[in-house]
Amino acid sequence: SSPLPQQYIAHVFLPFQSPGMSSYKPKLVLSQTIVNIVIPVAHYHNLVPFLELYEAECLRHNTSVHLHLVFFYHDELISKKLSQILDIYQTAKIDKYEITSHSYSPFYAYNYIAELLSDNQLLLFFDMTLHFSLNFLEHCRMNTIKGKQVFSPILFSFYKPDIVQK
């Protein structure tokens, strides 16, 4: 593999002062880096299509992805579906967390998982209704610099073209 190019960062210390320059080699997140996808689950009917997409995009291609499902209720149907997936894909990394002491809150779920994992883990906060591809996961890895840069795509879940195009 080729060495990383020398890059420079400008540091501004005081207003109206010339910036200082320093160089560094970025610690890029590599393709084998595990992406931890965190999904807060509110309803079973939204989860089934997501699990099917996850199976098609991640499990069949044996990618470095770890799925964290955070439930705010107990559901036997989910447990059965997950056990079916794990029977087929023994190497799948899927963890199920049940938080029945708290009402549904995506941000609570994200924070809960972030506190469980170490600081150097790559986290992707997801909604069950989003569609993704292997290419998207690779963009997450490649556009993240460990300890320096976060890749945060803007999601338009309530996009209405008729309002935007006026």
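Is Arg-141 buried or exposed? In this predicted model, Arg-141 counts as buried, at 4% relative accessibility. Here buried means under 20% relative accessible area, exposed means over 50%, and partly exposed lies in between, with a 1.4 Å probe and protein chains only.

Residues are numbered from 1 along each chain as its sequence is written, and side-chain values use heavy atoms, with hydrogens and water left out. Because the model is predicted, local features need pLDDT of at least 70 and side-chain atom pairs count only at pLDDT 80 or more, whereas totals for chains, interfaces and linings use all residues.

Side chains of opposite charge can pair when their charged atoms come close. A salt bridge was taken as a side-chain nitrogen of Lys or Arg within 4 Å of a carboxyl oxygen of Asp or Glu. By this rule, 3 salt bridges were counted.

One of these joins the side chains of Arg-141 and Glu-138, with an N to O distance of 3.3 Å. Both residues belong to helix α4 (residues 134-142), and because they are 3 residues apart there, about one helical turn separates them. Helices (H or I, at least four residues) and strands (E, at least two) are DSSP runs, numbered from the N terminus. Whereas Arg-141 is buried, Glu-138 is partly exposed, with a relative accessible area of 25%.

A salt bridge also links Glu-98 to Lys-96, and the closest N and O atoms of this pair are 3.1 Å apart. Glu-98 has a relative accessible area of 35% and is therefore partly exposed. Lys-96 likewise counts as partly exposed, at 30% relative accessibility.

Glu-55 and Arg-60 form a further salt bridge through their side chains, at 3.9 Å from N to O. The relative accessible area of Glu-55 is 15%, so this residue is buried. Arg-60, by contrast, counts as exposed, at 55% relative accessibility.

Asn-62 lies in the loop between α1 (44-59) and β4 (65-71). Its phi is near 50°, a positive value in a residue other than glycine. With a relative accessible area of 57%, Asn-62 is exposed.

Ser-105 is buried, its relative accessible area being 18%. Along the chain, Ser-105 and Phe-72 are 33 residues apart, and their C-alpha atoms are separated by 8.4 Å.
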